[in-house]
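Here is a short report on chain B.

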Amino acid sequence: MNTALSSTFFSAPPEWGWLIVWYFFFGGLAGGCYFIAVLIDLFGRPEDRVLARLGYYISLPSLVISAILLTLDLTRPLRFWHMLIESNTYQIMFKIWSPMSVGSWALFIFGIFSLLAFLSALAEDGQLQRPAAKSLRPPGALGSIIAAIGGLFGFFVAGYTGVLLAVTNRPIWSDTPLLGMLFVVSAASISAALMILLAHKSGRTTPGLNALHRLDSWVVALEFVVLIAVMISLGPVFRAWLSAWGLLLLLGVIGLGMLFPLALHWRKEWLGNSNSTAAALSVLAGGFILRMVIVFSAQGV
Amino acid sequence: MPVPIEPVGFYTDTTVCIGCKACEVACKEWNQLPSTNGGVNTLSGDSYDNTRALDGIHWRHVKFIEQFTEDRKDGRWLLMSDVCKHCVNAPCLEVCPTGAIVRTEFDSVVIQSDACNGCRDCIAACPFGVIEVNPASGTAQKCTLCYDRLQGGLEPACSKACPTQSIQFGTIKELKGRAEKRVEQLQQMGEKRAYLYGADEKMLGGLNSFYLLVDKPEVYGLPPDPKMPTRNLASASWFSAFGAVLIGLMGVINFRNRSARENGQEQRP
């Protein structure tokens, strides 16, 4: 450890482990799938609504898994509600300058939007006999308002975790302001990838799937640029990644999660029918490894 | 209305610490902190320091820093009893999402164990590595400046036990005066390296537990320039919002353009 690097090297690791890595992954999917579904609902064609429904179907379970993971990660899980209610006074607990406090509320509120969209999707699929639920999604005015506000919360849930890491004193996390942006972009890439994968598996191959493919490639390219920007912004602290974690970042995230799927998008004939499945799987794997490297590498230095 | 109490804290003169660890023992005894590993401790192999670090069950830690030449003909020991700094602008208090961390009437920073849910954000926020989870309570814990003793009109257990007055307790104003005189005295005696760490407001608004050191902060395992976690809040938030806007634009362009293009294709015979 080079202690001359930064004053962040004197803090202690919070021992956020696998539960948090998985939370970052599922939280990204919950927010990402929701806002991609909203984009399809608002700007896609009517026949693509089946694809948007898939996004909502992924969002809610991912959010439920996220909440469970977060609760289990607490050393006193039964006190999870202390995040929302001040336990001694029973007043609202909210600190706008603490990302974990704001994030807890955002998860709670986003849960309502995610549930509404989920129910609406079920109603449209005929799985829920409540015709009124259909109005909870665009194109109606109420549905559009819900989608727009919910989409903003989706973005927030996908990105606040990166801001939370920045608002600490750990090396790497607090040595760059770009992790939130990286997580937002990565949430979009893994969400589009999972939607593509499940759309193929469930036969929801609407024309919008091609647009989703293209969107995923654009987003992965953007993610690559943001990751490079993260590395540059770390300055001398980047040396902390000259380790096995850095190698994993290079091979697992940049190689497998970014360059490989981009190459597959460029050369569509490479793997034939398996092309899009392979690309989606590699983006998902890369997104997971990214979170793993960021969570663990900052705690091992 | 409660009578305002003047801020109190510690001034630690590291030059008179003899490494006896009476402070560690007094702290453990008063606060009823459990032993490590059920009392079956192993030696660290790092000088006489088997406490190793501040954590949930060690709220005082005497650091042993050996500075010897290669041939060991010349050298010195630096000893320093480390503790929570009770920062005037406290990073742990700033990020705590449950309100468990509070500032007391003595200007000290205390974690209320009954409110803490163990999210561990404070551990990542503390630039000094002071806080850890106490396995006995499952909550984040650290020095309370003996809040219960202060309420009873007593001084903290560690400073009371310190046999050399390396750890001194008092009002911050009084302690600063005493510390400045000591630095002056040491300088006059030829110890030109003596200075105060965290006594002025430049460092996190001032540390209510500040130190007299005779080497660089890093040598004592202290950050040279600790900062507030929220220094990154605005920039990180704006960059995230920018990322969201870019994704939104990409989504709109992809889904809109496709609609136009494919509509065009459909019109062909």
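## The sheet

In chain B, strand β1 (residues 8–13) runs parallel to strand β10 (residues 209–213), and four bridges join them. Strands are DSSP runs (E, at least two residues), helices likewise (H or I, at least four), numbered from the N terminus. Strands pair if DSSP finds at least two bridges between them. Asp13(B) has Leu212(B) as its bridge partner in β10(B).

The open sheet has four strands, in the order β8-β1-β10-β9 (chain B), with mixed pairing. β8 (167–171) and β9 (195–197) of chain B have a single partner strand each, so one side of each lacks a neighbour in the sheet. On average, neighbouring strands of this sheet are turned by 25 degrees against each other, direction ignored.

## Model and numbering

This is a predicted model: local features need pLDDT of at least 70 and side-chain atom pairs pLDDT 80 or more, while totals for chains, interfaces and linings use all residues. Residues are numbered from 1 along each chain as its sequence is written, with chains lettered from A and ligands numbered from 1 in the order written.

## Domains

Chain B has domain 1 (8–227) and domain 2 (231–267). These bounds come from an automatic or database domain assignment. The centres of the two domains of chain B, taken over C-alpha atoms, are 50 Å apart.

## Contacts with chain A

In chain B, 54 residues contact 59 residues of chain A. Contact means C-beta atoms, placed from the backbone, within 7 Å. α2 (91–95), α3 (121–125), β6 (132–134) and α7 (233–267) of chain B each supply at least two residues of this side. The largest share, 20 residues, comes from α7(B).

Definitions and conventions: Contact = placed C-beta atoms within 7 Å. Axes fitted to C-alpha atoms, helices over the stretch in contact; angles between N-to-C directions.
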